[in-house]
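This report covers selected features of one structure.

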Amino acid sequence: MRSSTSSSSSIRHWGVACFFCALVAVAVCVGTELHWRSLGYESGIIDSKLLWAEQRDQVDARGSRTPLVILGASRIEFSVDMDVLEDALPGYRPVMLAINGHYPLAVLRDLAEDEDFNGVVLCDIDARGLSAHYFDMQQPYVDYHRKQWTPSWRVHRRALDLWQSTAVIANPDFGLLPTLLRWSGGRADPWKSHIRFHRDRSADIDFQRVDTAAATQAFVDGFKRRLQSDPPPSPEQWLAGLAEVGKWVAQIKGRGGEVVFYDTPTSGKLREYADEAFPPSLYWDRLSATIHAPALRYTEISALENIPLADGSHLDFRNKHEYTHALIDALVDRGWVQR
Amino acid sequence: MQFDSFTFLAFFALVLAGYNALRAWGARKWLLLVASYVFYSAWNPPFLLLLLGSTTLDWLVARRIDAAEDPRRRKLWVIATLLINLGVLGYFKYSRFLLDNFAAALAGAGVNYAPPAFDIVLPIGISFYTFHSLSYCIDIYRRRFRPTASWRDYALYVGFFPQLVAGPITRFTQMREQIETPRSTTSAGLGMGLALLILGLFEKIVLADSVFAPIANAYFDAPGTADSAAAWTGVLAFSGQIFCDFAGYSSCALGSALALGFVLPINFRNPYAAVGFSDFWRRWHISLSSWLRDYLYVSLGGNRGGEWRTLRNLMLTMLIGGLWHGAAWTFVIWGGLHGLYLVLERTMRAHLWPARWNNVVLRFAYAIITLLGVCTAWAWFRAADVSQGWQIMLSLFDLHAAATGIGRLGPSQLAVLVTFSLLVLVHALFRNSGPIPWFSRLPAPLLGLLLGLMTAMIVLSPGDNHAFIYFQF
C-alpha cells in the first residue's frame, strides 16, 4: 500500500484508478446491455426462491384482509390476474405461491403447520399431482423460506427486483460465462422468453411469440412420457395417499381457514390423455368426500371449460381478465369466498 | 448479510459514511459495534443474544483469570470458559452427530435406540467467534497480555463485522492497538479496501459461483454416474470453488476493514503453489492453522516430547481441525488425510532425503504431488458421506478411464479445467506475494482498468446467490 506517499499523491493515485475503474466497468456493462437490447431482448423479473419467499412472508403479513393463497403450478401462476382478484375480492389479500413445474402439496403442508395461518387456500392441482410421491416437489422452497430467508435477503431481493426490471444483463442467460460457452460452441443466442413475471410472481404468457402447435405437441409428448415412466397409482392407492392431505386440510379448517382444490382447464389431446389416465369418476370426483374439502373441476363451469388454451394447458395473457372473473364467480357462487 | 448482496453494499456505504461523520473515537467504536450486531442479526436476530452472552461471559471470565493469583483458581476459570464455549459449540454443532453415532454404536451392540428428532439451527459464525474468545482467555491465562477493561472494546474485537462470521480468526494482540488507538478512513486505505472488495467479489461471484460451483455441484450430486475424467473435473471444480469462495470472503473482509482503517491479517497466500503440505498449511486459512498450532498443537505438547509424540500431536491436531469444519466423518477423514500427509512429509524430510529438499526438479514434482494430494482430500471434504467419498476415490484412481474420458468433457467442464489451471499459474507466479503489494505497484490507469474489468465481470455474472461455504462451519 502507498502509505509512505503523501496524502495528495495517494488521493491522485486512487482517484485515477477509480476513474478508470468506473469508466471501464460502465463502458463494458452498458455496451453489453445495448448489444442484447439491439437483438430484441427485454429486461424482466426472474422468478426464484427469494421471490417466492418474499411472497410467503405476505401470507403472514398483518392486516384486516384475509390471505387468499394461490397454490399450484404454471397453469394457475400464468392464468390468474392478481389485480382482478384484488379488485373483485376486496376482503382478501391474494398471494401467489404457485411454482412453475412443481405440484404444490408441500406448501399446503407448510401452511397447515403455520399456526398463524387461517386464510383461504386455492390449490390448483390435478389428480396426478395428488399422488403421494409428488407431495414434496415444492419442499425446497419451503425449506429455503424456513432456513435461509433472512432480513438481509429481503432487502437484497427488493433491489434485485429493480435491477432485473431495468437491465437485460441481470438475467443469468446473458451472463459472461453462458455467453462465452454459447459462442465457443456455436450455439444460438438465448430463447426470447414469451413469459413475463410480475413482482407478485404472477406471470403473463404471450402466445403470439410462440409456435403454439409445437408447444402443444411438446406438452402432449411430455405428458405421455411422464405417464410411461410414472404410471398412475390405482384409485385405492391414490385415495389412501390422500389421508395425509386430509389432515392438513383439517388443521387449516380447525383454525377457521378454508382449502379449495381446483383442477384447472386443459384441452385437446392433453385433456384426453389426462382423463384416460386418471378417469375423473375414479379419482377427482372422490376427492372432496375423502378429504372433506371443497373441490372444483373446470368441467363444472362452462366459462372455464371453454376458455381458449393456446397450448392445451395455459392461456394467453389477453384472456387472463376473463378467466379470473369466471373463476371468482365460481368461487363466490359456491360460497367459498365472499365479494 | 453476505458481502455479495445489495444489502451489504447499502449497509457498508452507510457505515462508512456514519463512521467518518463522527469525530469522537468512542462514538465511532460504538457505531462499529452496533453496525456489527446489525450485520449479524440480518441472518437470525435471536442468535445475537448468544453472541452477546458469549462475549460478555468471556470478557468477565478473562478478568477473573487475570485477577486470580492462585494458579489453581486461574486454571479453574480457564477450564470453565473452555467447557462453556466448547459446550455451546458442541451443542449446536455436534449433538446430532454424537447422538447418531451413539445410536449406531448401540445398534452394533444389538440395542435399538432411535435418537429424538430435533433440528438444531447452527448459529452462523459460532465456530469463528468461539475461537476468538478462547484465544483471548487462553492468552490471558498464559499471561501474554492484560485483559481490556472495556466491554465495548472486547465486544468489537469479537464482533467486528468484516471478520465476524468467517474470519480471519484474529488475536487480541493483532486488534488491541487498532481498537484502542483512534483511526479513520484514508484515501489509500479506502482505495485499497475497495480494490480488495472488488477482488473478493470477483473470486466469489465470477469464479466460485459461476465457473466452478455448477460443475462441482453437478458432480457431487450424482458422482456414481460420472466417469473418471468427470470425477477429476468435479473434484478440481470444488478445489477451485472452495478456494475462490473462502479467499473471496477473506479479501472482502480485509478490504472492508481496511476502508475503515483496520488491518486484518491475511488468510491465504497462494496455497495452490505450496511445495509440501506443511507449506500448504502456512498458506491456507492461515488464521485457523496458526490458531490450531498455538492453542491445540502446543497444548498437546507440540514437538517437545520426541518424534513419535510430535507425529501423534500433528495427527490429533489435524483430526480435530477436520472435525472443527463439520460434524461428519468425511471431515474427520479429510483432517486425517492431511495429518497423514504431514506425518509422512515430516518423516521423509528427517530421514529420507533431507539434503535434496532444495533441488528444483524435486520441488516442482513435490508441488504437483502437494496439489494433487490437497485436491484429492477436498473430495472427502465435499462428499455427502463416507460411502460417496470412497466411490469418488475409486473413480479418481481409475487413471485409464481418466485419460480416455477427457475427450468427452463438455465446454463447461473444459472451462473449469482451464480456469483452475490459470488459478494455479497465478498462485505460482505470485507465490510469495499477495494482492496488496501487487495492486500498490501497478500504475493507477492499469489498476483502474483491471478493477474495472473485474467489476464488469461481477455485474455480468448474475445468478443464484450462494452462501459462502465457510458460513456453515
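## Helix crossing in chain B

Helix 8 of chain B and helix 17 of chain B make a left-handed crossing (the near helix is turned anticlockwise from the far one by less than a right angle; clockwise would be right-handed). The contact (heavy atoms within 4.5 Å) involves L207(B), V211(B), F212(B) and I215(B) of helix 8 of chain B. From helix 17 of chain B come S412(B), Q413(B), A415(B), V416(B), T419(B) and F420(B).

## Basis of the model

This is a predicted model: local features need pLDDT of at least 70, side-chain atom pairs count only at pLDDT 80 or more, and totals for chains, interfaces and linings use all residues. Residues are numbered from 1 along each chain as its sequence is written, chains are lettered from A and ligands numbered from 1 in the order written, and side-chain values use heavy atoms, without hydrogens and water.

## Strand 6 of chain A

Helices (H or I, at least four residues) and strands (E, at least two) are DSSP runs, numbered from the N terminus. Six of the six residues of strand 6 (residues 258–263) of chain A are buried, so this strand is largely enclosed by the rest of the structure. Buried means under 20% relative accessible area (1.4 Å probe, protein chains only). One side carries E258(A), V260(A) and Y262(A); the other carries V259(A), F261(A) and D263(A).

Strand 6 of chain A pairs (at least two DSSP bridges) in the parallel sense with strand 3 (residues 120–124) of chain A, over five bridges. There, V260(A) is the bridge partner of L122(A). Strand 7 (residues 295–297) of chain A also runs parallel to strand 6 of chain A, joined by three bridges. R297(A) stands opposite D263(A).

How values were computed: Buried < 20%, exposed > 50% of the residue type's maximum accessible area, 1.4 Å probe, protein only.
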